[in-house]
Amino acid sequence: MRMPEPDAGTIAQAAELVAALREIVPGEGVIADDQELRAYESDGLTAYRQAPLAVVLPETVPQVADILKLCGERGVKVVPRGAGTSLSGGALPLADGIILGLGKFNRILEIDFENRCVRAQPGVTNLGITNAVEHAGFYYAPDPSSQIACTIGGNVAENSGGVHCLKYGLTTNNILGLEVVLMSGEVLRLGGKHLDAEGYDLLGLMTGSEGLLGVITEVTVRVLKKPETARALLLGFPSNEAAGDCVARIIGAGIIPGGIEMMDRDAIHAAEAFCQPGYPLDVEAILIVELDGPRVEVDHLIETVRGLADASGAVSLRVSESEDERLRFWAGRKAAFPAVGRISPDYYCMDGTIPRRQLPVVLARMAEMSKKYGLRVANVFHAGDGNLHPLILYDANAPGELGKAGGFGADILRRCVEVGGVLTGEHGVGVEKRDLMETMFNEDDLKQQQRVKCAFDPDQRLNPGKVFPQLHRCAELGRMHISRGQIPFPDLPRF
Amino acid sequence: MAERLAPADAAQVLDCVRWAVAEAVPLDIIGRGSKQALGRPAAAEHVLDLSGLSGVSLYEPDELVLTAGAGTPLVEIEGLLSQNRQQLAFEPADYGPLLGGTAGAQTLGGMIAANLSGPRRIKSGAARDHFLGIKAVSGRGDAVKSGGRVVKNVTGYDLCKLLAGSYGTLAAMTEITVKVLPAPEKARTVLVFGLDAETAVTALSRAGGSPHEVSGLAHLPAAAAAASSVGYVAGAGAAVTAVRVEGPGPSVEHRCRALRQELGGFGPVEELHSRNSRGLWTEIRDVQPLLGDRDSDVWKLSLTPTAAPGIVGRILGQADGRALFDWAGGLVWLSLAPAGDAHHGIVRDAVGGDGHATLLRAPVAVRRKVPVFQPQPAALAALTRRVKDSFDPQAILNRGRMFAES
């Protein structure tokens, strides 16, 4: 992975930089010791490693502003980091840059049940928000599988999803307000406890911007009342097509379940071997369909889905009759990644999204590619919204396998784009999918995105080397190429 | 000479904008003109009429997705969806009559450009939350796209969010992809009579914090209720607080019963079914039917819900008018007696830091004089300008529609 050429001058002046940072954040808030820096050299995408120049862990918003201003003045690159759980290398350090860790911003600032929102610092974990409100029966809806560890600030940066976003939306649909510090040190408040303020939706733009536009120092999220009840169906199908057909029928019937997850044969067997959730082993695919809401509604819809599953040719069908049983259905799905980790020395988790009806086509193609690359692949999907997580099994110690896994993954993502889908559904572009961006966007598309980046960070100091395959200078991007002339369309109707 | 450019396809839109960029002449973008009176008055010499970019090019009901030209009339899309028992869940408002025009005139592009959402916003999100993909021509004269046709997508910046609510000041949208959802099988509304605004917002907060998945939380003070075309509401002779539930039949009945019980302590309750329920929420969504006066100055306030009664009380203590509360108090409509400055000082002082105030309706002269949109702190205003510049450095598109530009 090619990163921006490190600036030798910056590296040479590391000691002065560290001293200046220590003036802003005294005590143990600045880490410059080589041993200690190791802990930060990678995130959830462990294939890439790089030690940063230094790590700074501020505790206040003015400190964040001063750090960014300092780095701006000295031309030092800044990589923001929450819990470091990114699966796309969003927090991968730069040799000539600092890591700005938000881990000490870990307080819930306000719980407002009347307006159903919570104000939190960005280092609060996703689950920490739910934990803070669940005594009153509320929860925060987006639930990425790393929710014990990942932070709400990181969720905003990546626009994280989870298994329930078919019904409850992604992070972007559940955020009301942000406080953001720009590279200039300016502090902005976007949104708040009110909805849809007029003016450009910078709140929406920030969400999913992967730490390239500003540093988030506060988040206001919407919390929801927990549904009265939830029940799940565990359905087994003789083919991936039949499972896909069942999903289409459910949605066609006007039902939006709380979650619809699909696992293929390899994933089922790995999960069953790992934690014995009781999955049927003689099927090609299973679906877990969860319905939540008022009890009468859930009971009513369970029966409807049962009928639709029969019509799609389900060969095995169980309905959870207790909370224990529901959680057991989920246990295998939630453990899918570690389960696959047990049957293979390493695995590489992909994250494309496709129009749902393309599922059988993409799966068939994936099976062919699996043969070509000589690597196995197990599949788990958020089937309701077409978000695929193929897990490519490989052995990093076997020569050439890491490279092959990367090639296989890239081929899968190209295929996703070809059928009308996208490169990443919820893990972000980061460094991982950066060089595939041109399969989805042309030069004009990418340049416009980079111009937006320039509006926030004209010297491109914030998390450079992520998302965009080529870096252009802002001055160059801003230049207009105008061809003067007549209206070149004589037939255009005018009035 | 003033031109009205009416391109028939995206390629011609690109040609039009490139011509305007080369000649440095600003363009006003219009669809069917239903929102000409919305925002700051902007009168460019040339008009870019996108009504020719009309038609649904993709609709896959079981994939919950629809793509159409920006100039497609919204009624056409809503008609198509309802044939398939689907809908735009954010319940787009029709401000046609509110702005002095006719109902049913708006286009998909105009609706997105103004990010219009109705009462269901509190449950299902805003227009911007259902906006999946875009093709557009930037004010630099580049064809750009963002997003896609799938819901789960974090590939690159979410420029759709930026364009939703941008009032055509960044790019001329040519093709729009939206998420569509099943229409609820049944809808009912629980009414509570005779509450003052403060108590009503408490009741609405209670309903919104219940597990009953409410999809509408509004309060009509007595004057607004009296203007309703729904007999039960108009005939109440008192303020009416309304809570809507939607979903499968048995569930709706169950939740209505539960809500009647929970809200019964606040005042007498009643229940509206099918046509009456629909009628009431359409009036709340489109606002004008409940405001009565067609010449008043109208403000749209986005507020912290529980702060709304106090803010409204302060404003109506100083200016004659009436209010309508939607989104549990989070959206307040104020209809104020006409004044040369639309009472903007009073309104903005009262709102303070608890939200945003937009002057939604006022004569051109007033909208020229008074900031239509919430004034922004300096750093935010400067960033807003830089974002505008990044798309449209010569201010070719809808110059001055959101903020002063020359």
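**Cysteines and a helix**

Tutor: At 27% relative accessibility, A:Cys275 counts as partly exposed. This is a predicted model, in which local features need pLDDT of at least 70, side-chain atom pairs count only at pLDDT 80 or more, and totals for chains, interfaces and linings use all residues. Residues are numbered from 1 along each chain as written, chains are lettered from A and ligands numbered from 1 in the order written, and side-chain values use heavy atoms, without hydrogens and water.

Student: What makes A:Cys454 and A:Cys474 a disulfide?

Tutor: A disulfide is a pair of cysteine sulfur atoms within 2.5 Å. The sulfur atoms of A:Cys454 and A:Cys474 are 2.0 Å apart, so the pair qualifies. The torsion about their S-S bond is about -90°, so the disulfide is left-handed.

Student: Which parts does the pair tie together?

Tutor: A:Cys454 lies in helix 17 of chain A and A:Cys474 in helix 18 (residues 474–478) of chain A, so parts 20 residues apart in sequence are tied together. Helices here are DSSP runs (H or I, at least four residues), numbered from the N terminus.

Student: How do you know that A:Cys275 is in no disulfide?

Tutor: The nearest cysteine sulfur, that of A:Cys349, is 17 Å away, and the limit is the one already given for a disulfide.

Technical notes: Helices (H or I, at least four residues) and strands (E, at least two) are DSSP runs, numbered from the N terminus. Buried means under 20% relative accessible area, exposed over 50%, partly exposed in between (1.4 Å probe, protein chains only).
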